[in-house]
Amino acid sequence: MKPSINFDELIKKDSIHHSVYSDPLIFKLEMDRIFSRTWLMLGHESQIPLPGDFMTTDMAGQSVIVSRAENGEIYALFNRCTHRGALLTIESKGHASMFTCPYHGWTYKTTGEIHFVPKPNGYGENHQQKFSELGLLKIPSLSMYRGFIFASLSSEVESLDSFLGPMKSSFDDLVDRAPDGDIEIAGGVFKHAYDGNWKLVLENHLDGVHPNYVHISSVMAARHQPKEESVASSKGHYSDIAVRQMLQNGAPDHVWEELGMWTTDQGHGYMGDYHNDSRLVVGMNHPDFKSYKDKLVARVGDAEAERILSVTRWNSIIYPNVSFMSQFRQLRIVHPISVDRTVVYTYNVRLKGAPESMFRDTVAFSNVVNGTASWVLTDDLEVYGRVQKGLAMSQPEWIDIGRGLGTDVQEGEHVVRGGTGTSEIFIRRQFSAWLNYMKQEA
Ligand code: FES
Ligand SMILES: [Fe+2]
């Protein structure tokens, strides 16, 4: 029976019905209509650099193998044996010349084509004719931008180019910073879970009001640090990054109001002008920064290097499963598990050709902000849990997302900027994309 939910009745201009976060049926429909229809980021090609490398991930709850085949091409395949359905691999990554099913030994090439079926005679001649059709099922759409791998469970999805639209500039901002013109994901992955709906993390990463409240304990701790610990130096750089980030979370209201908040029709968005380097990044005064900049200048020239380094974009959201940030080279991929449970994978990005100390800073930042023992992330996770518990209550029915409504500024055909940096425009735009997806029936 078709579910009869009138989605228009759940989303108002300035408020959202709580069931959108707490109803298991709506979650199921989100997996069908959003996560199974649009582009999802699977990762970056540097995670599988060599032929035979593979990793696994999931798309709308479906287990997926992403492999680099002998021909160097990348394939995304359903991780299910076509015989009787066993998962082919339970590894999160590995290297294999073939995938062999643990149950009856059916064996597949890394392209997904069938290679070998044991004891073929038992199948009879007619059935053997079918073997060549029993390769692993391909994910219908696969496309890349600047080395990032995207896939869609739909064959009718719009082009990745048009899906990303203005957000391509955020990927450009990240990759262009590399002195060698390329990046890689390095240093493993942090995985954390929270007891809340998948949308909460995407609504949090552009939220400039919460740091002064949710993160106030670490702000206060940072304010009590001796001054010398927040001076840039190669010694103590780790604590310097930690202290500066925490201090920045306690920035006065005018800093948050003045930052830029841009959103696109697909629900994507980014925060810009969040900081300047004297406030946060420390790099500009650091000795390693000079050698980094020299290398960048050598590749792109002075003017282009200035342009690249003057971009002060903070988090970028690619709706519905990505949040990333070029300043400290962080990538987070969101995996919804159930209506009230979400897992986030966090990766560190290395700028190829940059001094290794910059990657160390990346990892340090990750430990501070994204790691499972972070002083910052743990605050957010607790509040997601509280929000989820609140939203599971039946009353009051609505939550408010009206901050800044009516102050939006259209910038170009598909980009709308918030009237202030703390406008909740990014949430409203995420829900307008949500509504478009959810209203499309199968
Ligand atoms: S289920 Fe895979 S070989 Fe039988
Ligand atoms: Fe936060």
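Which side chain of opposite charge is nearest to Arg 332, and how far away is it? The legend to View 1 gives the answer. The structure is a predicted model, in which local features need pLDDT of at least 70, side-chain atom pairs count only at pLDDT 80 or more, and totals for chains, interfaces and linings use all residues. Residues are numbered from 1 along each chain as its sequence is written, chains are lettered from A and ligands numbered from 1 in the order in which they are written, and side-chain values use heavy atoms, with hydrogens and water left out.

**View 1. Arg 332 in strand 17 (residues 330-338).** Strands (E, at least two residues) and helices (H or I, at least four) are DSSP runs, numbered from the N terminus. Arg 332 is buried but has no salt bridge, and Asp 380, the nearest side chain of opposite charge, is 7.5 Å away. Buried means under 20% relative accessible area and exposed over 50%, with partly exposed in between (1.4 Å probe, protein chains only). A salt bridge needs a side-chain nitrogen of Lys or Arg within 4 Å of a carboxyl oxygen of Asp or Glu; Lys and Arg count as positive and Asp and Glu as negative, while His and the chain ends are not counted. The side chains of Arg 332 and Asn 315 make a polar contact (2.7 Å). A polar contact is a pair of N or O atoms within 3.5 Å; within protein, one must be able to donate a hydrogen and the other to accept it, and residues adjacent in sequence count only if both atoms are side-chain atoms.

**View 2. His 215 in the loop between helix 7 (211-214) and helix 8 (216-223).** His 215 counts as buried because its relative accessibility is 2%. Its side chain makes a polar contact of 3.1 Å with the side chain of Asp 379. Beyond four places in sequence, the residues that His 215 touches (heavy atoms within 4.5 Å) include His 210, Asn 249 and Asp 380.

**View 3. The buried residues of helix 11 (residues 287-300).** Phe 289, Tyr 292 and Leu 296 are buried. Gly 301, with a positive phi near 90 degrees, follows the helix.

How values were computed
Expected span 1.5 Å × (residues − 1).
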